[in-house]
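Here are my notes for someone opening this one for the first time. Have a look at the picture, then go through the points in order.

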Amino acid sequence: MTLGLWFRINGVWVALNGLSAILMPDMWFTMAGLEASNAAYAAAGGLGISVISLGLISWRTVDIAGDAISDYGKLFGIIHCLFILLALYQMFIGLFSGGPAYFNIASSLILAAGFFYYSRAAD
C-alpha cells in the first residue's frame, strides 16, 4: 500500500459518509438514538456537503501535494484523531452510543493509523 492509496480510500470513504448524511439522514439519527427536527435535517445536509468536500480534497491531494504528501498524510491522520475525540466525547456525555459509535471510532482509528504509518514511510 502507498500513502496515495490511503488518500484515495479516505476520499471514497468520507464522500460516501457525506452522501449518506444527505440522502439518508433518518438512518444517522435513528442509529444514534436521536430525534430529528427540521433544523437537524438542514444541519445533516450541510455536514454532508462538507464531508463530500473533504473527500474530494483527499482524492485530489495525491495529484497536487507533490513532495508535501507526507505532511498532508499527517494532517489527515490528525483529522481522523479529531473525529475519534469527538466520538469519545459524545459517548461520554451520553449523546452517542452503541455500534455506530464504535464503528466510527474503529474506522477513524484505522484511517489515522494508515495515514501516520505511510506518511513516515514517504518521508
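1. Ile110 lies in helix 5, where helices (H or I, at least four residues) and strands (E, at least two) are DSSP runs numbered from the N terminus. Ile110 counts as exposed, at 53% relative accessibility; the scale here is buried under 20% relative accessible area, exposed over 50% and partly exposed in between, with a 1.4 Å probe and protein chains only. If you look across to Gly77, 33 residues away along the chain, the C-alpha atoms of Ile110 and Gly77 are 9.6 Å apart.

2. A quick word on what you are looking at: this is a predicted model, so local features need pLDDT of at least 70 and side-chain atom pairs count only at pLDDT 80 or more, while totals for chains, interfaces and linings use all residues. Residues are numbered from 1 along each chain as its sequence is written, and side-chain values use heavy atoms, leaving out hydrogens and water.

3. Now try Gly18 in helix 1.

4. Ala42, found in helix 3, counts as exposed at 54% relative accessibility. From the C-alpha atom of Ala42 to that of Tyr118 it is 37 Å, with the two residues 76 apart along the chain.

5. On to charges. Side chains of opposite charge can pair when their charged atoms come close. Taking a salt bridge as a side-chain nitrogen of Lys or Arg within 4 Å of a carboxyl oxygen of Asp or Glu, the count comes to two salt bridges. One joins Asp63 and Arg8, at 3.3 Å from N to O. That pair ties together distant parts of the chain, with Asp63 in helix 3 (residues 38-64) and Arg8 in helix 1 (residues 3-23), 55 residues apart.

6. The other salt bridge is between Arg60 and Asp63, at 2.9 Å from N to O. Both of these residues sit in helix 3, three residues apart, which is about one turn of the helix. Through shared partners, Arg8, Arg60 and Asp63 form one network of salt bridges. Asp63 is partly exposed, with a relative accessible area of 46%, and Arg60 is partly exposed too, at 43%.

7. What is the volume of the largest pocket? It is about 910 Å³. On a 1 Å grid over the protein atoms alone, a pocket is an open set of points where a 1.4 Å probe fits, with protein on both sides within 12 Å along at least five of seven lines, and lining residues have an atom within 4 Å of a point. The largest pocket has 32 lining residues, and Asn17, Trp28, Leu47, Phe96 and Asn104 lie nearest its centre. Two or more lining residues come from each of helix 1, helix 2 (25-32), helix 3, helix 4 (69-92) and helix 5 (99-122).

8. Val12, Leu16, Leu19, Ile22, Leu23, Met24, Met27, Trp28, Met31, Leu47, Ile49 and Trp59 make a nonpolar surface patch of about 1,100 Å². Patch residues have over 30% relative accessible area and no salt bridge, and nonpolar side chains (Val, Leu, Ile, Met, Phe, Trp, Tyr) are joined within 5 Å. Helix 1 gives the most, with five residues, while helix 1, helix 2 and helix 3 each supply at least two. Ile49, one of the patch residues, has its place in helix 3.

Notes: Grid points are joined across faces, edges and corners, and a volume is the space filled by probe spheres set on the points. Patches are made of residues with over 30% relative accessible area and no salt bridge: like charges are joined within 9 Å, nonpolar side chains (Val, Leu, Ile, Met, Phe, Trp, Tyr) within 5 Å. Accessible areas come from the Shrake-Rupley method with a 1.4 Å probe; for residues, only the protein chains shown count as cover.
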